[in-house]
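Biologist: Hi, I'm new to this one. Could you walk me through it?
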Amino acid sequence: MFEHTQLKSFNKSTSDSFHQQKNFIKKVLAGRISQCPQCKQNLTINLSHLDEPSTIRCAKKCTDIELDCS
Ligand SMILES: [Zn+2]
């Protein structure tokens, strides 16, 4: 019972941060955010080429997101 509750709350927080990340990606791609929220360095958007996924990264890599575009 306890383990089950723990798992549920874990899933919820994962899903919350997933949605937060999607919102963040949207804002970056829309040009509304151009700096890393943590280090305030400029974010770099690398669009995918060949087999590599598109990424959003800052210089210090505290923001390092792979875009799951499909
Ligand atoms: Zn950063």
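This is a predicted model: local features need pLDDT of at least 70, side-chain atom pairs count only at pLDDT 80 or more; totals for chains, interfaces and linings use all residues.

Biologist: What does the secondary structure of the chain come to?
Modeller: You'll find 1 helix and 3 strands. Going along the sequence, the pattern reads α-β-β-β.

Biologist: And how many of the residues are buried, as a percentage?
Modeller: Of the 70 residues in the chain, 19% are buried. The chain exposes about 5,900 Å², and carbon and sulfur atoms supply 51% of that area.

Biologist: What about contacts between residues 24 or more positions apart?
Modeller: Those make up 19% of the contacts in the chain that have a separation of 6 or more.

Biologist: Okay, switching to the metal. Which residues coordinate the zinc ion?
Modeller: Four cysteines do that through their SG atoms: Cys 36, Cys 39, Cys 58 and Cys 62, at 2.2 to 2.3 Å. Along the chain, the donors are spaced as C-x2-C-x18-C-x3-C.

Biologist: What arrangement do the donor atoms make around the zinc ion?
Modeller: It's tetrahedral, because the 4 donor atoms subtend angles of 105 to 115°.

Biologist: Is Cys 36 buried or exposed?
Modeller: Cys 36 has 1% relative accessibility, so it counts as buried. Cys 39 is buried too, with a relative accessible area of 16%; the cut-off for buried is under 20%.

Biologist: New topic: what's the backbone doing at Lys 40?
Modeller: Lys 40 has a positive phi of about 65°, even though this residue is not a glycine. You'll see Lys 40 in the loop between H1 and strand E1, which spans 43–46. With 53% relative accessibility, Lys 40 counts as exposed.

Biologist: And what is phi like at Lys 61?
Modeller: Phi of Lys 61 is near 65°, again a positive value in a residue other than glycine. Lys 61 sits in the loop between strand E2 (55–58) and strand E3 (64–66).

Biologist: How accessible is Lys 61?
Modeller: Lys 61 comes out at 49% relative accessibility, so it counts as partly exposed. Exposed would need over 50%.

Biologist: Where is Leu 29 placed?
Modeller: Leu 29 belongs to helix H1, which covers residues 2–29. Leu 29 counts as partly exposed because its relative accessibility is 48%.

Methods
Residues are numbered from 1 along each chain as its sequence is written. Side-chain values use heavy atoms; hydrogens and water are left out. Helices (H or I, at least four residues) and strands (E, at least two) are DSSP runs, numbered from the N terminus. Buried means under 20% relative accessible area, exposed over 50%, partly exposed in between (1.4 Å probe, protein chains only). Contact means heavy atoms within 4.5 Å. Accessible areas come from the Shrake-Rupley method with a 1.4 Å probe; for residues, only the protein chains shown count as cover. Donors are N, O and S atoms within 2.8 Å of the metal (3.2 Å for Na, K and Ca); water is not among the atoms, so sites may look incomplete. Four donors count as tetrahedral if all angles lie between 85 and 135 degrees; four count as square planar and six as octahedral if opposite donors are over 155 degrees apart and all others between 65 and 115; anything else is irregular.
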